[in-house]
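Here is a short briefing to read alongside the sequence and the 3D view. Have both open, and follow the residue names as they come up.

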Amino acid sequence: MAAADAPRIRRGEPVALALGAGGARGLAQIGVIEALQARGLEIVTVAGSSSGALVGGVFAAGKLHDFRERLVAMSRGDFIRLLDPALGSNGLFHGERLIDAMREVVGDPRIETLPVGYVAVAVDLLRQREVWLRQGPLWQAIRASFAIPGLFTPAEVHGRELVDGGLLAPLPIAATRLSDAHRLIAVDMHGWPERPPGAVAEAEDAPRNGRFGAWVERQLGGRMRNEHGDAIGLSEIMARSLDTMQAQIARVQLALDPPELVIRIPRDACLFYEFWRAGEMIEIGRAEAEKALDTAGY
């Protein structure tokens with residue numbers, strides 16, 4: 001049955017949520033969840049890849065509001081100071097400072113104790129396969145799922161070197177099928193471009209953050225500019241290449257296993273590392289979710 005022909009999701013009906021990979025624009029999925037809950041949809045399980053695993057894990061732990069408030073309050077400098085260089089290692093950053101900061105807000109629960117079902121998807125590079133993390137420390141699973149190759153060092157889980165789940169499952173639909181949910185909603189992070197107002201000015205005018213901040217931004221962006229005025233560097237080129245691959249895989253996943261509702265976030269909503277634009281991303285997510293829900297008649 002095509003998704004467009006599927007029965008409507010009834011209010012209060014158990015829903016599974018698949019949250020996609022998308023770097024900083026994955027924070028838009030916070031707004032998506034808020035919009036779904038405002039419409040009375042009961043999310044009983046969530047599967048996520050990369051930033052989708054982050055948002056989904058925090059939601060499953062019941063700490064989305066607190067996490068949202070922390071993110072919105074963070075400045076560009078706050079975020080940059082949480083990056084811990086992994087000089088001479090197999091990635092630019094370790095990611096441990098980021099995890100520690102988020103742990104302060106969310107706590108350190110185990111996945112099997114969460115009030116909402118949760119699966120983080122990562123990739124085992126040696127075996128070239130998806131790994132579904134459904135037990136163990138929440139932050140260990142999230143750290144593995146967002147380990148973008150070249151940017152963050154791989155995460156070791158049970159003796160396996162794991163990296164970003166978006167490599168093979170940018171939209172982890174299959175990982176939701178173990179739940180008892182009646183319907184599936186998927187958030188695709190590769191929607192048609194729709195440049196948000198003010199994005200160029202923010203990229204151009206944001207203040208620098210000392211020598212370390214300048215080094216970080218050289219690694220992430222560089223001095224070269226694209227047609228929108230955004231900084232383009234090696235990491236951004238890597239991210240856009242990965243994004244192109246993920247978009248194609250996501251299209252195949254949606255065609256093979258169509259959910260009842262797809263919510264799409266514009267793929268140019270922000271650069272992959274602009275986590276300090278959380279407030280803007282959340283509002284984009286809420287608007288896109290409400291648009292999709294209205295179109296579907298919910």
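How do the axes of helix 5 and helix 6 cross, and within what distance do they come? Please keep in mind that this is a predicted model. The axes of helix 5 (residues 96–106) and helix 6 (residues 138–145) come within 11 Å and cross at roughly 140 degrees.

**Helix 5 and helix 6**
- Two packed helices are described by the angle between their axes and the distance between the axes.
- A crossing counts as roughly antiparallel over 145 degrees; with roughly 140 degrees between them, helix 5 and helix 6 are therefore oblique to each other.
- The handedness of this crossing of helix 5 and helix 6 is right-handed.
- On the helix 5 side, the contact is made by Glu96, Ile99, Met102, Arg103 and Val106, and on the helix 6 side by Leu138, Trp139 and Arg143.
- Sorted by class, the residues in this contact are five nonpolar and three charged, with no polar ones.

- In soluble globular proteins, nonpolar side chains tend to be buried together.
- The largest nonpolar core here has 81 residues, and those touching the most other members are Leu17, Leu36, Tyr118, Leu133 and Ile185.
- Helix 10 (residues 278–296) gives the most to this core, contributing seven residues.
- Another core, of eight residues, lies apart from the largest one, and its members include Ala16, Ala18, Leu171 and Ala250.
- If you want to trace Leu17 by eye, leave aside its neighbours within four places in sequence: its contacts then include Ile33, Leu36, Ile43, Val46, Leu184 and Ile185.

**Gly23**
- You will find Gly23 in the loop between strand 1 (14–19) and helix 1 (28–38).
- Is Gly23 buried or exposed? Gly23 counts as buried, because its relative accessibility is 13% and the cut-off for buried is under 20%.
- Not counting residues up to four places away in sequence, Gly23 touches Ser51, Phe272 and Phe275.
- Gly23 and Phe146 are 123 residues apart along the chain, yet 8.4 Å separates their C-alpha atoms.

**Helix 1**
- Helix 1 is mostly covered, with eight of its eleven residues buried.
- Those buried residues of helix 1 are Ala28, Gln29, Ile30, Gly31, Val32, Ile33, Ala35 and Leu36.
- Leu36, buried in helix 1, is also one of the residues that touch the most other members of the largest nonpolar core.
- Just after helix 1 comes Gly40, with a positive phi of about 85 degrees.

Methods:
Residues are numbered from 1 along each chain as its sequence is written. This is a predicted model: local features need pLDDT of at least 70, side-chain atom pairs count only at pLDDT 80 or more; totals for chains, interfaces and linings use all residues. Side-chain values use heavy atoms; hydrogens and water are left out. Axes are lines fitted to C-alpha atoms, for helices over the stretch in contact, and angles run from 0 to 180 degrees between N-to-C directions. Helices (H or I, at least four residues) and strands (E, at least two) are DSSP runs, numbered from the N terminus. Angles under 35 degrees count as roughly parallel, over 145 as roughly antiparallel, 65 to 115 as roughly perpendicular and the rest as oblique. A crossing is left-handed if the near helix is turned anticlockwise from the far one by less than a right angle, and right-handed if clockwise. Contact means heavy atoms within 4.5 Å. Ala, Val, Leu, Ile, Met, Phe, Trp, Tyr, Cys and Pro count as nonpolar, Asp, Glu, Lys and Arg as charged, and the others, Gly among them, as polar. A nonpolar core is a set of buried Ala, Val, Leu, Ile, Met, Phe, Trp, Tyr and Cys residues joined through side-chain atoms within 4.5 Å. Buried means under 20% relative accessible area, exposed over 50%, partly exposed in between (1.4 Å probe, protein chains only).
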